[in-house]
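Open the model in your viewer and follow the stops below in order. Each stop gives a selection and then says what is there.

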Amino acid sequence: QYGTGFLTTHKLGLRFKLSGSLKVVASKELYYNIGEKDDFIIDRSSCDKGKLSAKIQDQIDVEQSWGKNMSELTQAPTPFTRFTYLHDHEIERINVKEAFEKSLVLTPYVLALNPLISKIEFIDEEKLIVESYSFKGKRLLWENEKIRVEEVSVFHNNTTICLCTISSVEELDIETNESKVTIVLPCKAENCSEVKYHQLEANTPQLYLYLPLLGTENWGWNYIIHAPSFTCDKDTRDSLLFIGNGQNNDYQANQNRELINLAGELIKEYISTCIDQISDRKYLCRVNFLPAPKECLTEYYESLQNKWVSYFELLPLVKSEDDYITVDKIKVLDEKLLEACTKDIKLLDSIYTLLSKEDIKIVIPEKSDLLHWSGYINEWYVGRKNPHSISINDVCTYIKAITLNESDLIWLHKICEYLKDNPDANLPLQGIVPNENLKLISEDLVKPVDFNKTFRSILKTLLPSEVEKFIHPRFIDILVDNKEYDKESAKKSLTNFITE
């Protein structure tokens with residue numbers, strides 16, 4: 001498919017030698033072996049359009065001569081079609097290394113979706129490493145009147161990787177009688193046991209036209225979508241055409257949108273049928289169409305985002321003890337807290353302990369899922385108000401709403417520590433630091449010096465309002481700049497008390 005997989009090889013190098021065999025007569029075993037007589041070099045290195053066109057024309061002229069000289073034909077084709085890249089720049093070598101590493105992740109999907117490829121091997125001749133992938137087979141898991149769910153097996157070295165695909169029973173291509181769309185579910189298993197759902201790797205393209213469309217990573221859902229009738233955007237070659245130009249490509253844009261809509265309907269049918277059997281259902285509901293990559297796509301992508309968020313909000317996808325609850329009932333961390341808790345597991349523990357208290361009348365996911373759901377739902381509501389969001393402001397409000405005891409001091413100190421390191425002008429740290437009696441008061445707290453027991457008892461009896469301002473000793477390091485309450489301060493207060 002010109003413009004999809006082939007053009008992505010630009011990153012591997014702008015010049016390469018091509019060798020392989022061309023069958024010149026359909027009914028006979030006669031071949032022209034490309035590159036056997038002279039190197040056939042495809043050169044795309046020039047930035048000058050005129051020179052580039054001339055190079056392409058030279059290559060076409062050579063290609064047109066293949067097979068015309070009978071003495072150059074053979075009945076023995078070469079075993080491989082080979083692209084040998086001629087690296088002129090270090091960046092090309094770096095790109096090759098990166099591409100081969102990423103390809104190991106993508107290869108099982110290519111073999112599952114492309115019936116013309118049966119085996120792919122990656123051979124590192126320097127390190128003497130071979131990564132071999134081969135299509136092993138396909139079997140029907142189940143089907144209904146709308147969808148067919150199949151297991152595709154790919155043999156990799158000494159293990160078998162199993163993928164699950166969804167295809168349409170009703171919407172078939174007129175020419176091939178195959179499903180117009182195939183979906184790879186976000187689940188995988190080695191040796192076809194213990195199939196588990198997961199988040200697709202961040203660098204995995206999610207739209208395929210037999211080969212991955214590089215540039216469609218983190219696109220829309222947590223599913224891989226393949227359609228043989230997809231049409232690429234001619235401007236970028238790495239994404240699909242969704243908005244026509246009003247002249248000659250509106251049909252292709254409409255067709256792409258229809259195929260995406262069909263993929264969505266197949267996903268919904270699968271979820272509605274299987275949801276009760278899926279334990280890792282939290283991975284079914286990613287929605288991240290926004291922000292749109294181009295302004296002209298904003299309206300279309302917004303419609304997809306809103307449609308799918310509304311759908312997933314009402315599904316029982318959130319694990320809660322031994323049951324599942326609908327997403328619309330839960331609260332999650334906002335982007336700022338999510339980032340902080342991802343970096344600091346102790347902060348996550350502290351905030352989760354607070355939010356789980358009975359006095360805090362909210363529903364949150366299990367602790368092991370809180371970061372996951374926070375990430376997903378923040379993506380759902382990117383660019384608009386998130387009704388599920390818990391901010392540090394909310395956290396402070398919740399702290400003020402509960403009665404503190406000694407067991408709360410560890411998590412409270414951690415939250416205070418975070419706020420101290422990330423000050424907010426609208427959230428004075430003073431408001432959530434307790435006094436010695438574990439109370440939160442509105443007056444400024446002070447740091448008492450080490451009074452002896454007798455003197456403290458006198459202060460408590462005669463000046464209870466002063467003692468009420470004493471910072472709890474575990475939080476002295478939080479309010480380091482607060483005023484110290486020393487013997488002179490106590491003497492002054494006692495004098496004022498006696499005088500009054």
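A crossing of two helices is called left-handed if the near helix is turned anticlockwise from the far one by less than a right angle. The model is predicted.

Select helix α6 (residues 345–355) and helix α9 (residues 409–421). Their axes come within 9 Å and cross at roughly 120°, which makes α6 oblique to α9. The crossing of α6 past α9 is left-handed.

Now show the side chains at this contact. From α6, pick K346, L347, S350, I351, T353 and L354; they meet W411, K414, I415 and Y418 of α9. By class, the residues of this contact are six nonpolar, two polar and two charged.

K414 lies in α9 and D344 in the loop between α5 (335–343) and α6, 70 residues apart. K414 counts as buried because its relative accessibility is 17%, under the 20% limit. D344 is partly exposed, at 24%.

Next, go to E151 and R139, whose side chains meet in a salt bridge of 2.8 Å, N to O. E151 is in strand β8 (residues 147–156) and R139 in strand β7 (residues 129–143), twelve residues apart. E151 is buried at 8% relative accessibility, whereas R139 is partly exposed at 47%.

Last, select K23 and E29. Their salt bridge has its closest N and O atoms 3.3 Å apart. E29 is partly exposed, with a relative accessible area of 44%, and K23 is partly exposed at 37%. The count for the model comes to 23 salt bridges.

Terms used:
Residues numbered from 1 in each chain as written. Predicted model: local features only at pLDDT ≥ 70, side-chain atom pairs only at ≥ 80, totals over all residues. Heavy atoms only, no water. Axes fitted to C-alpha atoms, helices over the stretch in contact; angles between N-to-C directions. Helix = DSSP H or I, 4+ residues; strand = E, 2+ residues; numbered from the N terminus. Parallel < 35°, antiparallel > 145°, perpendicular 65-115°, else oblique. Contact = heavy atoms within 4.5 Å. Nonpolar A, V, L, I, M, F, W, Y, C, P; charged D, E, K, R; others polar. Salt bridge = Lys/Arg side-chain N within 4 Å of Asp/Glu carboxyl O. Buried < 20%, exposed > 50% of the residue type's maximum accessible area, 1.4 Å probe, protein only.
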